[in-house]
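Morning, everyone. Please bring the structure up on your screens. I'll take you through it piece by piece.

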Amino acid sequence: MRIRAVEISVGVFLLAGILALLLLALRVSGLTVANSTDTYKLIAHFDNIAGLTTRAKVTMAGVAVGKVVAIDFDTETYTGRVTMEVQSRVNNLPTDTTASILTAGLLGEKYISFSVGGEDDVLKDGDVIYDTQSSLVLEELIGKFLMNSVNQD
Amino acid sequence: MVHKSFLDRIALFGRSGLDIIESMGRSLIFLWHVLIGRGGAGTGLHLLVKQLYSVGVLSLAIIIVSGLFIGMVLALQGYSILVDFGSEQAVGQMVALTLLRELGPVVTALLFAGRAGSALTAEIGNMKSTEQLSSLEMIGVDPLKYIIAPRLWAGFISMPLLAAIFSVVGIWGGAMVAVDWLGVYEGSYWGNMINSVDFYDDVLNGVIKSVVFAFVVTWVAVYQGYDCEPTSEGISRATTRTVVYASLAVLGLDFILTALMFGDF
């Protein structure tokens, strides 16, 4: 009887540990079982990506539809090249879709937002988005505002 | 005369260095024998269950209570710092990342060294000083297989699970303080956490850390017990050494692992 109690408590302990790992995976890190194959890649060039990081969200109408997977510098055009993975159920983006880097809240993290264009052709895997809007740099904005107020005087 | 004592000092220095290297080598050979010399199943599983009980189940209470309090303190401190920047809704993300990456594995390992490691050393040391280990050898039972190996495996298995339980309880305690007491919106506590915690980068790296710590702490504990001087004074010194060496090794390794995992080189 004593040994049985020991064995049962060890079993409960192992179960609790595995349950805790599962909780961490599903509830805390939001791991989804969906495989990553049902996405396609899009590339966009930005004049300034300041503050955008990999794993940042890609949204449309505020809904997350993908994420940034790579950021590097394009030596030919002197722009930042951002590679994004977009869920393949969003397969009807027109070729003149605009990608803009926005900020969540005043000091929050950067994310990419798509706004839909009007072309009939749609973007496919590996296509490049030409219509982009760069990250807003607060210092530049303040600089412009100061210049304007000086000019008005 | 002066010349001779100088030489003596060099010799002494060299001998203590050799002693340290020898003890490291002995512990490695010991580990090799325990892990590799595990031929034949026998009654291994039954012994392992018994050790899992004394190493894992009996450590649950201290792990749960400290996890709860550490999570609550993190939420309180995080809130009072973040509220100055108006971003108190990020407190969930802060609590979760701190626990998963650092405090979960490290504090669990330190508590484990104090709670289970010292007990392992004292138990094995006592067996050695009362010559139970040599009597086992006398009747043809390998003490490494019968006594040491189940304890080593019990430590490897139970510590990562304890660390996971620690993190879960801590995050829950943080939610209790932040959401129920300080009034952070529940949706942003959990939502921010899910958005910023990555399964591979944060959860899995934390598990890897706790596996490494489990390995080091249990190895130090059983080796110190097996290698101690078979007197009551020797046992007390070995127990102290277990806690000191295991804690130092955990903290040092934690820096190296963190640099490898999260430091961008």
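We start with two helices. Keep in mind that this is a predicted model. In chain B, helix α3, residues 60-82, packs with α6(B) at an angle of about 40°. Their axes are 7 Å apart. So α3(B) counts as oblique to α6(B). The crossing of α3(B) past α6(B) is right-handed.

Which residues make that contact? From α3(B) they include Leu60(B), Ile63(B), Ile64(B) and Gly67(B). From α6(B) they include Leu162(B), Ile165(B), Phe166(B) and Trp181(B). Glycines join in on both sides, among them Gly71(B) of α3(B) and Gly173(B) of α6(B).

Stay on helix α6 of chain B, which covers residues 143-181. Find Ala164(B) in it. Is Ala164(B) buried or exposed? Its relative accessible area is 5%, so Ala164(B) is buried, the cut-off being under 20%. What does Ala164(B) touch, leaving aside its neighbours within four places in sequence? It is in contact with Gly17(A), Ala20(A), Leu21(A) and Leu24(A). Those partners carry the chain letter A. Now look at Pro105(B). Pro105(B) and Ala164(B) are 59 residues apart in sequence, yet 8.1 Å apart in space, C-alpha to C-alpha.

Next, the cores. The largest nonpolar core has 79 residues. Ile171(B) and Tyr189(B) touch the most other members. The largest share of this core comes from α6(B), with 20 residues. There is also a second, separate core of 22 residues. It includes Leu42(A), Ala56(A), Leu93(A) and Ile112(A).

Back to Tyr189(B). Beyond its neighbours within four places in sequence, Tyr189(B) is in contact with residues including Gln89(B), Val91(B), Val95(B) and Ala178(B). Ile171(B) is one of its contacts too.

Now helix α4 of chain B, residues 91-129. Where is it kinked? The kink is centred on Leu99(B) and is about 55°. Just after α4(B) comes Glu131(B), with a positive phi of about 60°. Glu131(B) is not a glycine. It lies in the loop between α4 and α5 of chain B. Glu131(B) is exposed, because its relative accessible area is 53% and the cut-off is over 50%.

Chain A has a positive phi to show as well. Tyr78(A) has phi near 55°, and it is a residue other than glycine. Look for Tyr78(A) in the loop between β3 and β4 of chain A. Its relative accessibility is 63%, so Tyr78(A) counts as exposed.

That's my tour. Over to you.

Note on methods:
Residues numbered from 1 in each chain as written. Chains lettered and ligands numbered in written order. Predicted model: local features only at pLDDT ≥ 70, side-chain atom pairs only at ≥ 80, totals over all residues. Heavy atoms only, no water. Helix = DSSP H or I, 4+ residues; strand = E, 2+ residues; numbered from the N terminus. Buried < 20%, exposed > 50% of the residue type's maximum accessible area, 1.4 Å probe, protein only. Contact = heavy atoms within 4.5 Å. Bend = angle between axes of the 7 residues up to and from the residue. Core = buried A, V, L, I, M, F, W, Y, C linked by side-chain atoms within 4.5 Å. Axes fitted to C-alpha atoms, helices over the stretch in contact; angles between N-to-C directions. Parallel < 35°, antiparallel > 145°, perpendicular 65-115°, else oblique. Left-handed = near helix turned anticlockwise from the far one by under 90°.
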